[in-house]
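Here is a briefing on one protein model, with the focus on its core and its aromatic rings. Keep the structure open while you read.

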Amino acid sequence: MDQKTKSAVSRTKILDAAVKEFSHIRYEKASVNQICRDGQITKGRLYYYFESKDQLYLAALQYCLERMKENLLAFEPDPSLSMEENILRFFAAWQDVWKRNMNFAFFMGRAKLSSPDHLREPVIEMIRVFRNEVLLVKWQEIFQFYFPDDQNRQKLFSMISNITIQYISVCMGLPRLDNAKNDPNLFFDRQMAIFKSLVHIFLHGCMNVEVPQLRDGWPDYSDFEL
């Protein structure tokens, strides 16, 4: 293994360990020593790659966003399917990153809802860039098949779809995920069920199509705090 490869492996180990630590412990109490132990790396080596805990936190968030970016940009809409089917397929691709690495889900949830105050601005900016350069771009790719000559409608549908994903992300985000640690599949199934209902209302509500209720009813968000 050459030096460049070793360096990349070391950096990835640190970032994986950092995501794990930040996913379960608030930034203020997160331990650099524990990250070093989990990443099997010395503290000196960690600070060789990252000058501070702040820089490591932001790099870990960017690492998660890059993994999600890779997954979503690989998504290809199928023009032979209905608009509703392609929307649901894209949402499933969005969920897939979290399913394959639950630490990503916990960390990104914490970053959105309770990032440290002094890092809030760069966190918001990173998420904004991801939204504009990945989510909205891919949504527009879907809707261009159905409105090829109407960019305004493509953008409108893309914005509404993105707002729906953000709604799901927050309303069934970290607090609900914490309660579903023993059965994360139930969490993702309920996410999908709510998303399906919202998409159905969005696409067919004007036609007065009856939207089926969730079998277990709607989640109780009365104790949810932003």
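Rings of Phe, Tyr and Trp (its six-membered ring) count as a pair if their centres lie within 6.5 Å; planes over 60 degrees apart make the pair edge-to-face. This is a predicted model. It holds 18 aromatic pairs.

**Aromatic pairs**
- F22 and Y57 pair edge-to-face, with 5.0 Å between centres and 70 degrees between planes.
- F22 is in helix 1 (residues 3–24) and Y57 is in helix 4, so their pair ties together parts 35 residues apart in sequence.
- F22 and Y57 are both buried.
- F187 and F188 have ring centres 5.1 Å apart and planes at 75 degrees, so this pair is edge-to-face too.
- F187 counts as buried at 3% relative accessibility, and F188 counts as buried at 2%.

**Other ring contacts**
- One aromatic cluster is formed by F75, F90, W139, F143, F147, F157 and F202.
- K53 places its charged end over the ring of Y27, 4.7 Å from the ring centre.

**Nonpolar core**
- The largest nonpolar core has 60 residues; F22, L56, L72, W139 and F195 have the most contacts inside it.
- Helix 4 (residues 53–73) gives the most to this core, with 10 residues.
- Beyond its sequence neighbours up to four places away, L72 touches F90, A93, W94, F130, V134, L135 and K138.

**Helix 7**
- Helix 7 (residues 120–143) has 24 residues and should span 34 Å at 1.5 Å a residue; its end C-alpha atoms are 32 Å apart, which agrees.
- A kink of about 35 degrees is centred on R131.
- Buried residues of helix 7 include F130, V134, L135, K138 and W139.

How values were computed. Residues numbered from 1 in each chain as written. Predicted model: local features only at pLDDT ≥ 70, side-chain atom pairs only at ≥ 80, totals over all residues. Heavy atoms only, no water. Helix = DSSP H or I, 4+ residues; strand = E, 2+ residues; numbered from the N terminus. Expected span 1.5 Å × (residues − 1). Bend = angle between axes of the 7 residues up to and from the residue. Buried < 20%, exposed > 50% of the residue type's maximum accessible area, 1.4 Å probe, protein only. Core = buried A, V, L, I, M, F, W, Y, C linked by side-chain atoms within 4.5 Å. Contact = heavy atoms within 4.5 Å. Phe/Tyr/Trp six-rings, centres within 6.5 Å; stacked < 30°, edge-to-face > 60°. Lys NZ or Arg CZ within 6 Å of the ring centre and 35° of its normal.
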